[in-house]
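User: Please take one part of this structure and go through it closely, strand by strand or helix by helix. Then tell me what surrounds it.

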Amino acid sequence: MTLREFLSDRLGRIALQLICTGLAALFLLATGTQPGVLALLLLALLPVFVTVQAVSFLRQCARLRELETILNTLDRKYLFMECVPPPGNLYERRLFDLTRRAGRAMTGAVSDAKAAQREYREYVERWVHEIKAPVTAARLICRDLNGNTRRKLIVELAQIEAHVERALFYARAENPEQDCLFRQVNMGDIAAEAIENHRPLLVQSGVRLETDGLDCTVCTDEKWAVFILGQLLQNAARYRGAEPVISISARACGKQTQLIVQDNGIGIPAHELSRVSDRGFTGSNGRARGGSTGMGLYLCKKLASFLDLGLHIVSQEGEGTTVTLTFPAKENLTKL
Amino acid sequence: MPRIMIIEDDPAIREELTLLLENEGYIPLPVTGFDDIPEQAARKRPDLILLDIGLPGKDGFSLCAALRRTFPTPVIFVTSRDTGVDEVRALSLGGDDYITKPYSVPVLLARIRAVLRRSSDDPGPADTAEAGGLHLNLRKGVVSANGNTAELTRNELQILACLMSHAGQIVSRADLIDALWDNQIYIDDNTLSVNMTRLRGKLAEIGLSDAIRTRRGMGYQL
């Protein structure tokens, strides 16, 4: 609060005081008080007025600074009213009480919403585990069918699994630390598992997969890394061109390790590239082919940032897309 | 024949697993009452236990620990819980492997074979195969017939091994691609054709020019 703001706020009161003082002076003059005495009186009153206003200004400044500090140090800012000392004067105390009651109502609403969100997440996770049982049974039943029907059904089942898995990881991405386990993982194992998970789609798409240099280890959460790589493989298979080839390779880059997924698919238009990992963004390719959820890369970005992975996408329309995942150096992971 | 105990509360999965394992030449031992599993296991003496984690009123983790205290039977966890935390916990409680649902049938069977092999000192699949007048050394990647030998690449070796293990039967191109992907050779239809031509060339060199017949519209036959 600046002095100017303070004065303009107090303008009415100061003006009233000046008018009253002026009227009192006129009255005194009219009733025969000597002008000299009057001037003396006004001179004596002036410092009193100024001092009162100055003290009031300084106290307000100090109080605001105190409140500001409290707010800044608070982790959950909506608990502000519970943490500030109550004011001295009656009117402010009443205002303070009202705000505090409103604040409490909001705190209640916030914690209800949090509980509802947690319950929903738990429900989604339970649902995902339950849906896996019939899908497993369906897969087992499939093996009695003849070749072509079985393959088609397995592709569809794999699509169900991919959707279910995205739902699960979407629920998990809210509190990633709960399920995360960092350990040394072989890059080849991550790739083999991701490929196996999406094998029906990849085989059906007629993709040739090349792997190179995957015999290295990184420190990460295996399941999450498999999920991210799986999303990239899904995209590469879905947005494929003629004679699709996907190459998965790893290379050391200083102390970091890069996993590069390259395809020769239809690519991403340059003006859409910056938005592909936005939530729900499907792009012209996604709309043209249908079945795009706009969630895959969004989840990848979210999970990657938690795993401290760099996710970098380069694409040339009609040429293909290259996604580079940069795994952090092992010693940098201590903060997690 | 190895006896495999199935501890799974979903009836559809339990039934299908029983059928599957039976077809694969195992003796399945499905469990339907979940109150006295250690006693049942002691009675039935399985060679391997497939254990679900989410059982009615029971926790597969503590069950595994209880089973592990009494006998050395290997345990494979088969579960829909898929976090790394669960997996580490399962393996640290004495589980031999951890498979997440939904699994693909070949993966499940391969892991069962691997665990049984580890526990029974079985030397594993033979490293040689013989069929149709061909002798294949899988370890060296060498095929021989009539005293002539030819060296095969990894892809050619797996194609030939797959055909030899189904000697006399027609193997479709899709089945061949599946078998190659099982061995982490991720090829497409065109590459299969190229490899097939090369393989036939090598077989012709050792005097078996028509060992692999093409059955139009169906696949290949050795």
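Analyst: Strands are DSSP runs of E with at least two residues, helices are runs of H or I with at least four, and both are numbered from the N terminus. This is a predicted model, in which local features need pLDDT of at least 70 and side-chain atom pairs count only at pLDDT 80 or more, while totals for chains, interfaces and linings use all residues. Residues are numbered from 1 along each chain as its sequence is written, with chains lettered from A and ligands numbered from 1 in the order in which they are written.

Cys253(A) stands opposite Gln256(A). On β4(A), five bridges also join β2(A) (208-212), and these two strands run parallel; Arg208(A) is opposite Val245(A).

Chain B meets chain A through 30 residues in contact with 27 of chain A (contact is C-beta atoms, placed from the backbone, within 7 Å). Helix α7(B) (173-182) is one of the helices of chain B that supply at least two residues each to the side touching chain A. The largest share of that side, five residues, comes from α1(B).

What is buried in α7(B)? Leu176(B), Ile177(B) and Leu180(B) are, where buried means 20 or more other C-beta atoms within 10 Å of the residue's own, with 12 or fewer called exposed and values in between partly exposed, again with C-beta atoms placed from the backbone. These residues lie on the same side of α7(B) because they cover an arc of only 100° around the axis, the arc being that of the directions from the helix axis to the C-beta atoms. Their cover includes α8(A) (199-204) together with α6(B) (154-165), β12(B) and α8(B). Just after α7(B), Gln184(B) takes a positive phi of about 60°.

Strand β12(B), part of that cover, belongs to an open sheet of three strands in the order β12-β14-β13 with antiparallel pairing. Its edge strands, β12(B) (170-171) and β13(B) (213-215), each pair on one side only. Two bridges join β12(B) to β14(B) (219-221), and Val171(B) stands opposite Tyr220(B).

Definitions and conventions:
Pairing = 2+ DSSP bridges. Contact = placed C-beta atoms within 7 Å.
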